[in-house]
Structure formats: structure tokens, C-alpha cells
Amino acid sequence: MDFPALIQSIQASPPAQWMRTSLAAMPVVEAIHVLAGATVFGTILIVDLRLLGFPDTRRPVTRVCSEMLRLTWIAFAVSLTAGALMFAANAHTYIGNTAFRLKMLALLGAGVNMALFHGFTFRNVKSWDQNAPVPLAARIAGAMSILLWVSVIFLARWIGFTKGFDFQVPVNPHIDFQF
Amino acid sequence: MTGVQGSIGVLQGSIGVHGFAGWLEATSASDAIKSASWVIPLLQSIHILTIGIVFISFLMIVLRVLGVMRTDEPVDAVWTRFAPWMWSGLVVMAATGITLVVGEPEREFGTVSFWLKMLLVAIGVTGTALYGRSLRSAAAGASTVFPVSAKAASVLMVILWIAVIFLGRAIAYDKQVWGALSPHA
């Protein structure tokens, strides 16, 4: 299957159709995406700030990581699921949208940054875990992470203002849903 | 349904919301916000970014009260660590939120979600301030286990803030979410 056909089949899939036809789906899934996305950002920010030495270096880096990253991964899984549903509903439009493409690039960047940090810098964490200056590589990883996740959120909001929709909201809908 | 819709109409009529929205829409401040297409997305992005800071700061305090996280620290220390982020975040949210309202008063004032959100924000801010005060006056040590009532109140506050976040997104979908209750219906 070539790429356009794949996008076409994603957009024609049952979850995509449900997203387009159910009145409840879009606002609820979008709200979940915002909540989960904000949770990913907020929890990662605590780790990134610790890498930058804020508020201090008393709390072990390993402890901050293990506490926060559980929450981060749960929120990321929820956000990804909600985002995939939003994507499926308008796959064709998203793929052609510049803000969406840049967001995926920023997400990839955040993933690579995290992998490099955990693969290399984090290995000798024992020597700077607590009450010690954080090495430059780890501080750079923290700063990069903040920059990339802020970019992800800004680009995400830009998608909503720059993409058209492939469907129309029904004019006189039958309401079977209360928020 | 019509009764409730009627009362919303009366409420809006009595405080002259439509007239006020029209006036606000025509001000030069509103024009300035609308003048460049990037201003509103930028403000919304900052607003969402700050949700992450405020919601997670509050969640950290709550998770400590629930005994899930940072149990090595007294709740007072956790409050001192996160409350300044939470309150400054709320100030940023209010500033971006008010600017968004000045920019698009009709979009906000004409929805059920906006007014319900404002009501829950008022309850949430008051509740969070009282919550913080009672936590600090409890003078709890690191080993303190909080009573079920304190834990229940914590969970309720989290649900309240989640409802605020949902209502924020629902402003864009007022008719789909509220059906006949929405002035857009």
C-alpha cells in the first residue's frame, strides 16, 4: 500500500468515521488531548528544571525522574491515543499541514533528546545525583527538552488555526449527549 | 430545557451581556488583539502551556496529601515548592484569558461553557486558597497520614480543575456540547 492510500484508509476507518459523525467525540477527545498534553509538559518540566538545578540540587535526580516519568508516560499514552483519533478524522488535511509536520518534527526531536540523555548522560548520574552541580550535557538536555515541548504545544495550537476541515458540522443535529 | 434557556436569557439580559460584548468588540483594544492573525493563537498557546504548570503544581500537592508522592517531605515543603508556580501560573492564565475575552467577546460571552467555566474558576481559586491554608495550619510532619476527608477534598478539587479545562475546550463547541441550552442553538 502506498502512502496516499494508507492515509485514505486511515481516514475511512471506523474510529475516524466515529470522530466525524459523533457530536460528542471531537470536543471530548480534544479536551482529553489538551489535559494529557499539559500533563506531559508539566511533569517533564519538573524533571527539566531539576536538571537545570531548580529549585536546588537536594532532591536526587533519579528520584525526581522515577516519580515524574511514570505520570509522563501515562499522560503521553493518553495524549497519543486522543491525538491519533483527531488525526484519523482528518488524516489527509493533517498530513499536508505545515504546523502538523513541524509538530511531529519537534516531537521527534524531544524523543531523540530524551534517548541521548538516558543513553549517555544519565549513565554516570550517581556522581551528580544529589547536592552536586549538574554536568553541562544534562543541563543542555533539560533546556532542549523545555524548548522542544514548548514548541510542540505552540505548533499544536497553530494546527487548529491553519487547517481546514474535511467535513461539515451538521446544521440541525440530533443531540444525544450532555457534557 | 426552555425554562433553563429562559433563565440564561434573563441572566444575559439583566447584566446586558450582549450589549457589553458588542461594546467590547468595538473597542480599540479588541481591534488591536484581532489585528494580527497570530495574536489569538499565541495567547491560546500560552494559556494551554500554563495549564500544564498550574494543574501539575496542584496535582503534586494533592499527590502528597494522598500519600502517593514526595512522602519523604512534609506537606508544607511540597506546598512551598509548588504553590508559587501555581499562583503565578494562574495570574498568567487570567491575563491571557482576559485578553482573549477582549479580543473575541462574542465567542466567549455567547456560550454556556464560558460562564460555567468562570463559575468553576471562582470556586476553584477560593477552594484552592482555603485548601492551602488548612494544609499549612495542620502543621503536619513528613510522617503525617491525612484523614479520608482531606483526601476526598483533594480529589474533588482535582476533578473541579479538570472540569475547568474541559469547559475551556468546550467553548469552541458550545452547540454540540450543550444542545438546546446553548444560545447558539
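Okay, let's start with A:Arg59, which counts as buried at 10% relative accessibility; buried here means under 20% relative accessible area, exposed means over 50%, and partly exposed is in between, with a 1.4 Å probe and protein chains only. Before I go on, this is a predicted model, where local features need pLDDT of at least 70, side-chain atom pairs count only at pLDDT 80 or more, and totals for chains, interfaces and linings use all residues. Residues are numbered from 1 along each chain as its sequence is written, chains are lettered from A and ligands numbered from 1 in the order written, and side-chain values use heavy atoms, leaving out hydrogens and water.

So what does A:Arg59 pair with? One partner is B:Asp72, in a salt bridge at 3.2 Å, N to O; a salt bridge is a side-chain nitrogen of Lys or Arg within 4 Å of a carboxyl oxygen of Asp or Glu. That pair crosses between chains: A:Arg59 is in the loop between H3 and helix H4 (61-89) of chain A, and B:Asp72 is in the loop between helix H4 (39-65) and helix H5 (75-103) of chain B. Helices are DSSP runs of H or I, at least four residues, numbered from the N terminus. B:Asp72 counts as partly exposed, at 39% relative accessibility.

A:Arg59 also forms a salt bridge with B:Glu73, with the closest N and O atoms 3.4 Å apart. B:Glu73 sits in the loop between H4 and H5 of chain B and A:Arg59 in the loop between H3 and H4 of chain A, so this pair joins two chains. Zoom out, and A:Arg59, A:Arg63, A:Glu67, B:Arg70, B:Asp72 and B:Glu73 are linked in a network of salt bridges. Over all chains, the search finds eleven salt bridges.

Another one is in chain B: B:Glu25 with B:Lys34, closest N and O atoms 3.1 Å apart. B:Glu25 is partly exposed at 24%, and B:Lys34 is partly exposed at 33%.

Now back to chain A and helix H3, residues 25-51. H3(A) is mostly covered, with 24 of its 27 residues buried. After H3(A) comes A:Gly53, with a positive phi near 90°.

Last stop, the surface. A:Leu108 lies in helix H6 (residues 98-119) of chain A, and A:Leu108 is exposed, with a relative accessible area of 55%. Together A:Leu102, A:Leu105, A:Leu108, A:Val112, A:Leu116 and A:Phe120 make a nonpolar surface patch of about 620 Å². Patch residues have over 30% relative accessible area and no salt bridge, and nonpolar side chains (Val, Leu, Ile, Met, Phe, Trp, Tyr) are joined within 5 Å, like charges within 9 Å.

Note on methods:
Accessible areas come from the Shrake-Rupley method with a 1.4 Å probe; for residues, only the protein chains shown count as cover. The expected span of a helix is 1.5 Å times one less than its number of residues.
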